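Me: I'd like a close look at a single part of this protein, with the local details spelled out. Please start with any word I need before the residues come in.

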Amino acid sequence: MKSMSKVTKLFTLALVFCLTFSMSSYAAAADGDTPSPKTYTEDELNQILTDSGMTDQDLQELDFYEKEFIVQSSGEDLEFLGTSSTYYIQDSQTGELKPVGDGIQPLAIPSLKVEATSYGVIVGGVEMRDIYASFEWLQIPEMSPTGIYKDSIGISLPGGWEIQSSRYSGAVQVKLISGWQPTTSSGVGQNGQPSEHHMYGAVWNIGSSHGTPNPYKGTVKLTARKTTSSAANRTIATYIQAHNDPLGNYTASFTFGPLSITPTPTKGKADKATDDFSW
């Protein structure tokens, strides 16, 4: 019995050690820098966004995933400052985007919507702005056998703002038979981080993992604080559409300026669609 008692004690000590080590490892993981985002019901998201000051009409424009993206990116304590959108159609011959109303019949069916939205947030006790740019293809893109692959979306600001490098995010959705769903990958930029950024803005390139052509939508976001009291409360959301060269190639770099993002293709060509929003 004595030897059995010793074995039992040793086993018990070993078990306690293993449990203690496992719980310590779990605690360390739980205290990491990238905890899982909080999940919400749609009713909870609607209440948060309504409390932020968003109108019923603007709320109805958002699907569940867009609402979830906003609240997970900006938090529950945010102030809706307004939104703006501009509609475009594609030229059936060239595929280039042209704003509806700019020499185009008013009854033309839009192909693309580009939107900008601003929210007031508090970060570390400092008042800042979360700026969102989003796009939604209302029709399958013309002359685009790879859907939105190689296209880009960006946000630019005027002078007098400081962009916070640690507060970027982005996501893309694809419309399947069952409705809008998030893609299996981040879809834009580098896991939601910009592909390129500058003191005046950022741009996110759109990846290839989106399957066959479908209507698409996506949203990107940055946070900025005003460093000059006279700085304009204004942003421009920019969608850059890629066009392959005859060999099927497209590459481009971007030049940033106050309220501007300019693509410079080295292979193929590009055109862009913008929404100019003041709040």
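Reply: A residue is called buried under 20% relative accessible area, exposed over 50% and partly exposed in between, using a 1.4 Å probe and protein chains only. Keep in mind that this is a predicted model: local features need pLDDT of at least 70 and side-chain atom pairs pLDDT 80 or more, while totals for chains, interfaces and linings use all residues. Residues are numbered from 1 along each chain as its sequence is written, and side-chain values use heavy atoms, without hydrogens or water.

First, the setting. The chain has 279 residues, and 42% of them are buried. Its secondary structure comes to 4 helices and 15 strands, taken as DSSP runs numbered from the N terminus (helices H or I, at least four residues; strands E, at least two). Of the contacts (heavy atoms within 4.5 Å) between residues at least 6 apart in sequence, 70% link residues at least 24 apart.

Now to the part I have picked for you: the second largest pocket. A pocket is an open set of points on a 1 Å grid where a 1.4 Å probe fits, with protein on both sides within 12 Å along at least five of seven lines; lining residues have an atom within 4 Å of a point. Here 23 residues form the lining, and L62, T83, E115, T117 and S134 lie nearest the pocket's centre. Helix 3 (56-60), helix 4 (64-74), strand 1 (79-90), strand 3 (112-123) and strand 4 (126-137) each give at least two residues to this lining. Strand 3 contributes the most, with 6 residues.

Let's stop at T83, one of those residues nearest the centre. T83 sits in strand 1 and counts as partly exposed because its relative accessibility is 27%. Beyond neighbours within four places in sequence, T83 is in contact with D58, E115, A116, T117 and F277. With T117, the side chain of T83 makes a side-chain to side-chain polar contact of 2.8 Å. (A polar contact is a pair of N or O atoms within 3.5 Å; within protein, one must be able to donate a hydrogen and the other to accept it, and residues adjacent in sequence count only if both atoms are side-chain atoms.) A polar atom of the T83 side chain also lies 3.1 Å from the backbone oxygen of A116.

For comparison, turn to H243 in strand 12 (residues 234-243). H243 counts as buried because its relative accessibility is 12%. Leaving out residues up to four places away in sequence, H243 touches T94, G95, E96, N249, Y250, G268, K269, A270 and D271. The side chains of H243 and Q241 are joined by a polar contact of 3.4 Å.

Finally, a look at two loop residues. Most residues other than glycine have a negative phi. L259, not a glycine, has a positive phi of about 60 degrees; L259 is in the loop between strand 13 (251-257) and strand 14 (260-267). L259 is buried, as its relative accessible area is 17%. K150 also has a positive phi, near 85 degrees, and lies in the loop between strand 4 and strand 5 (152-156).
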